[in-house]
Amino acid sequence: QGAHVALEDAHHHLVARTSSDNHGAFRFPHVRPGHYTVRAGKAHVGHGSAGVDVQAGQTATVQIVLQ
């Protein structure tokens, strides 16, 4: 099982949740343009976060290291 992943807007409001796959990949489809924080965590592994800017019509990529 992958990590739990949350997407928060600039005001720290939860926008969406998902889980990563076994390789750590995840997607949040249909996200409006703006600045977001992605938070990820997995029991007995750790947690981490990273900021990401979403542009209209583009796919944003973010890497998070769980510590």
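Me: Which residues make up the largest nonpolar core here?
Reply: General idea first: a nonpolar core is a set of buried Ala, Val, Leu, Ile, Met, Phe, Trp, Tyr and Cys residues joined through side-chain atoms within 4.5 Å. Buried means under 20% relative accessible area, exposed means over 50%, and partly exposed is in between (1.4 Å probe, protein chains only). In this structure, the largest such core has eight residues: Val5, Leu7, Phe28, Tyr36, Val38, Ala40, Val52 and Val54. Before we go on, keep in mind that this is a predicted model, where local features need pLDDT of at least 70 and side-chain atom pairs count only at pLDDT 80 or more, while totals for chains, interfaces and linings use all residues. Residues are numbered from 1 along each chain as its sequence is written, and side-chain values use heavy atoms, with hydrogens and water left out.

Me: Which elements give two or more residues to that core?
Reply: Elements come from DSSP runs numbered from the N terminus: helices are H or I with at least four residues, strands are E with at least two. For this core, the elements giving two or more residues are β1 (4-8), β3 (34-42) and β4 (46-54). With three residues, β3 gives the most.

Me: Let's pick one core member. What does Phe28 touch?
Reply: A contact is a matter of distance: heavy atoms within 4.5 Å. If you skip residues up to four places away in sequence, Phe28 touches Val5, Ala6, Leu7, Ala16, Arg17 and Thr18. Two of the names on that list, Val5 and Leu7, are also in the core.

Me: Now a glutamate. Is Glu8 buried or exposed?
Reply: Glu8, which is found in strand β1, has a relative accessible area of 15%, so it counts as buried.

Me: And what does its side chain make a polar contact with?
Reply: A polar contact is a pair of N or O atoms within 3.5 Å; within protein, one must be able to donate a hydrogen and the other to accept it, and residues adjacent in sequence count only if both atoms are side-chain atoms. Here the side chain of Glu8 pairs up with the side chain of Arg39, at 2.9 Å. Beyond four places in sequence, Glu8 touches His13, Val15, Tyr36, Thr37 and Arg39.

Me: How do I read pockets, and what is the volume of the largest pocket?
Reply: Rolling a probe the size of a water molecule over the atoms shows where empty space is left. On a 1 Å grid over the protein atoms alone, a cavity is a set of points where a 1.4 Å probe fits but cannot get out, and a pocket is an open set with protein on both sides within 12 Å along at least five of seven lines; lining residues have an atom within 4 Å of a point. Grid points are joined across faces, edges and corners, and the volume is the space filled by probe spheres set on the points. The largest pocket comes to about 480 Å³. Of its 22 lining residues, Phe26, Arg27, Phe28, Thr59 and Ala60 are the closest to the centre.

Me: How does its lining divide into nonpolar, polar and charged?
Reply: Ala, Val, Leu, Ile, Met, Phe, Trp, Tyr, Cys and Pro count as nonpolar, Asp, Glu, Lys and Arg as charged, and the others, Gly among them, as polar. This lining has 13 nonpolar, seven polar and two charged residues.

Me: Which residues lie nearest the centre of the second largest pocket?
Reply: They are Ala3, Ser20, Gly24, Ile64 and Leu66, out of 16 lining residues. That pocket holds about 200 Å³, and its lining splits into seven nonpolar, seven polar and two charged.

Me: Where does Ser20 lie?
Reply: Look in the loop between β2 (14-19) and β3. Ser20 is buried, at 10% relative accessible area, and its side chain reaches the backbone nitrogen of Ala3 at 2.8 Å. Ala3 itself sits in the segment before β1 and is buried as well, at 7%.

Me: How far apart are Gly46 and Gln67 in sequence and in space?
Reply: They are 21 residues apart in sequence, but 4.5 Å apart in space, C-alpha to C-alpha. Gly46 is in strand β4 and buried, at 16%.

Me: Last one: what is the phi of His30?
Reply: It's positive, about 60°, although His30 is not a glycine. His30 is in the loop between β2 and β3 and exposed, at 82%. His44 also has a positive phi, about 70°; it is found in the loop between β3 and β4 and is exposed at 87%.
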